[in-house]
Amino acid sequence: MSDFRNRMNAFMSGRRGNDELTRFLSAAALVLVVLNILFRRPVFYYLFFICLIYTVFRMMSRNTAARARENEKFLSILSGIRHPFKENKKKVNSQSSGYRFFRCPGCGQVMRAPEGKGRIRVTCSGCGKVFETEV
């Protein structure tokens, strides 16, 4: 049994394994299997196998630099999708905490100020632009 374990360790040495993109593809494959069971459409079946094959390929690949670039690209796209939701969460939290959030017109940095102060002059800490806003 230990000989098999040694051979498996040698086989997996230097391989990428599991990362965020691989977990996403695995979850997508699971969803596609469920959709295929429910709707019996061949498109779900083929997409499932594409996801499954690409997931296994990514996990077994020894080209870790290429897989890392793919994962970074996926994370940058994902952060672009998540950003508006994070901003909405800040706005919702600001209503209960007594702050108002606004963006710098120069660099777009998000800043906050206590509500009820009226018109205030703000200096952006990111770009140094001075502007007025109503809070």
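Trainee: Is T22 buried or exposed?

Mentor: T22 counts as buried, because its relative accessibility is 1%. Keep in mind that this is a predicted model.

Trainee: Okay, and where does T22 sit?

Mentor: You'll find T22 in helix α2, which covers residues 20–39.

Trainee: Which residues is T22 in contact with, leaving aside its neighbours within four places in sequence?

Mentor: There are contacts from T22 to G17, T55, R58 and M59. T55, R58 and M59 belong to the α3 side of the contact between α2 and α3.

Trainee: Nice, so let's look at that pair. At what angle do α2 and α3 pack?

Mentor: The angle is about 160°, and the axes of α2 and α3 (residues 42–60) are 8 Å apart. An angle over 145 degrees counts as roughly antiparallel, which means α2 is roughly antiparallel to α3.

Trainee: Left-handed or right-handed crossing?

Mentor: Left-handed, as α2 passes α3.

Trainee: Which residues make the contact?

Mentor: From α2 you have L21, T22, L25, S26, A28, A29, L32, V33, L35, N36 and F39. Facing them from α3 are F44, Y45, L47, F48, C51, Y54, T55, R58 and M59.

Trainee: How many of those residues are nonpolar, polar and charged?

Mentor: The contact of α2 with α3 has 15 nonpolar residues, 4 polar and 1 charged.

Trainee: Now the loop between α2 and α3. What is the phi of R40 there?

Mentor: R40 lies in that loop and has a positive phi of about 50°, although R40 is not a glycine.

Trainee: Is R40 buried or exposed?

Mentor: Exposed, because R40 has 62% relative accessibility.

Trainee: What does D19 touch, with residues up to four places away in sequence not counted?

Mentor: D19 touches R58, R67 and N71. R58 is also in contact with T22. As for A68, D19 is 49 residues from it in sequence and 8.9 Å from it in space, C-alpha to C-alpha.

Trainee: Switching to the strands: how many bridges join β1 to β2?

Mentor: There are 5 bridges between β1 (residues 99–103) and β2 (residues 110–114), and the two strands run antiparallel.

Trainee: Which residues of β4 are on its covered face, and which on its uncovered one?

Mentor: F131 and T133 are on the covered face, with V130, E132 and E134 on the uncovered one. In a regular strand the side chains alternate between the two faces of the sheet.

Trainee: Let's zoom in on T133. Buried or exposed?

Mentor: T133 counts as buried because its relative accessibility is 13%. Not counting residues up to four places away in sequence, T133 touches R100, F102, G118, R119, I120 and V122.

Trainee: Last one, R121: buried or exposed?

Mentor: R121 lies in β3 (residues 119–123) and is exposed, because its relative accessible area is 63%. Leaving aside neighbours within four places in sequence, R121 is in contact with V130, F131 and E132.

Trainee: How far apart are R121 and F11 in space?

Mentor: They are 63 Å apart, C-alpha to C-alpha, and R121 and F11 are 110 residues apart in sequence.

Conventions:
Residues numbered from 1 in each chain as written. Predicted model: local features only at pLDDT ≥ 70, side-chain atom pairs only at ≥ 80, totals over all residues. Heavy atoms only, no water. Helix = DSSP H or I, 4+ residues; strand = E, 2+ residues; numbered from the N terminus. Buried < 20%, exposed > 50% of the residue type's maximum accessible area, 1.4 Å probe, protein only. Contact = heavy atoms within 4.5 Å. Axes fitted to C-alpha atoms, helices over the stretch in contact; angles between N-to-C directions. Parallel < 35°, antiparallel > 145°, perpendicular 65-115°, else oblique. Left-handed = near helix turned anticlockwise from the far one by under 90°. Nonpolar A, V, L, I, M, F, W, Y, C, P; charged D, E, K, R; others polar. Pairing = 2+ DSSP bridges.
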